[in-house]
Amino acid sequence: MEDTKPLVFKEAKKEEEVVNLSKFDIQAFTDTQDFSWTLDNIKKEVKTGWKLFSVTTDEEIVAAVLMRKDGDTLFTKNTPIKMAFQGNGFSHQIKNFYEEEAKKQQIRRVVNYCPVDNFRMIALNESHGYKRTGNAFGVSNNIIEWVKVL
């Protein structure tokens, strides 16, 4: 069995990096996050305190991650993994990244958002010890909020 390749998480700090990440192949994943994947919407997220990260393997973008610290909570969300890379354990690495970042910043709670119809992400959240908060967001309440206390 082949070892899972490690992911590289790189924060998009420069305008050019945000623009390049906004061009991430939207056709490669479903547009079910809580906002449409456009440059304007991504810039709004960054402006309101979300940090944007590219997630790569072998220098190819496989997903994008957004994180925002607020008090003792790290809020997290990500695009689905690019279809060609699904099933490689990358979603588990993303969850581990969130939790490691929270621990580095001495944050005790990680909140994650995922679409109500993304059964893989729901199962992933459950397997990592996240619990549903009962809160739902989005135009049709299609985004579920999850929490894990570290």
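Reader: In which strand is Asn-112 found?

Author: The model is predicted: local features need pLDDT of at least 70, side-chain atom pairs count only at pLDDT 80 or more, and totals for chains, interfaces and linings use all residues. Strands (E, at least two residues) and helices (H or I, at least four) are DSSP runs numbered from the N terminus. On that basis, Asn-112 belongs to strand β5.

Reader: Is Asn-112 buried or exposed?

Author: A residue is buried under 20% relative accessible area, exposed over 50% and partly exposed in between (1.4 Å probe, protein chains only). The relative accessible area of Asn-112 is 0%, and therefore Asn-112 is buried.

Reader: With which side chain does the side chain of Asn-112 make a polar contact of 3.3 Å?

Author: A polar contact is a pair of N or O atoms within 3.5 Å; within protein, one must be able to donate a hydrogen and the other to accept it, and residues adjacent in sequence count only if both atoms are side-chain atoms. The contact at 3.3 Å is made with the side chain of Asn-125.

Reader: Which residues of α4 are buried?

Author: The face of α4 turned away from its buried side carries the exposed residues Phe-119, Arg-120 and Ser-127. The cover over the buried residues includes β4 (73-78), α3, β5, β6 and β7. The buried residues of α4 are Met-121, Ile-122, Leu-124 and Asn-125.

Reader: How wide an arc do they cover around the axis of α4?

Author: The arc is that of the directions from the helix axis to the C-beta atoms. These residues are on the same side of α4, because their arc is only 160°.

Reader: Which residues of helix α1 are buried?

Author: The buried residues of α1 pack against α2 (39-47), β2 and β3. Within α1, which runs over residues 15-22, the buried ones are Val-18, Leu-21 and Ser-22. They line one face of the helix, because down its axis they fall within an arc of 105°.

Reader: The backbone oxygen of which residue is reached by the side chain of Gln-93 at 2.9 Å?

Author: Gln-93 is placed in helix α3 and, because its relative accessible area is 18%, counts as buried. A polar atom of its side chain lies 2.8 Å from the backbone nitrogen of Leu-7. The backbone oxygen reached at 2.9 Å is that of Lys-5.

Reader: Which residues does Ala-136 touch, not counting residues up to four places away in sequence?

Author: Ala-136 lies in strand β6, residues 131-137, and counts as partly exposed because its relative accessibility is 35%. Contact means heavy atoms within 4.5 Å. By that criterion, Ala-136 touches Asn-141 and Ile-143.

Reader: What radius of gyration does the protein chain have?

Author: The chain has four helices and seven strands, and 45% of its 150 residues are buried. The radius of gyration is taken over C-alpha atoms, and the globule rule is 2.2 Å times the number of residues to the power 0.38. For 150 residues, a compact globule would have a value near 15 Å, so the chain agrees with the rule at 15 Å.

Terms used:
Residues are numbered from 1 along each chain as its sequence is written. Side-chain values use heavy atoms; hydrogens and water are left out.
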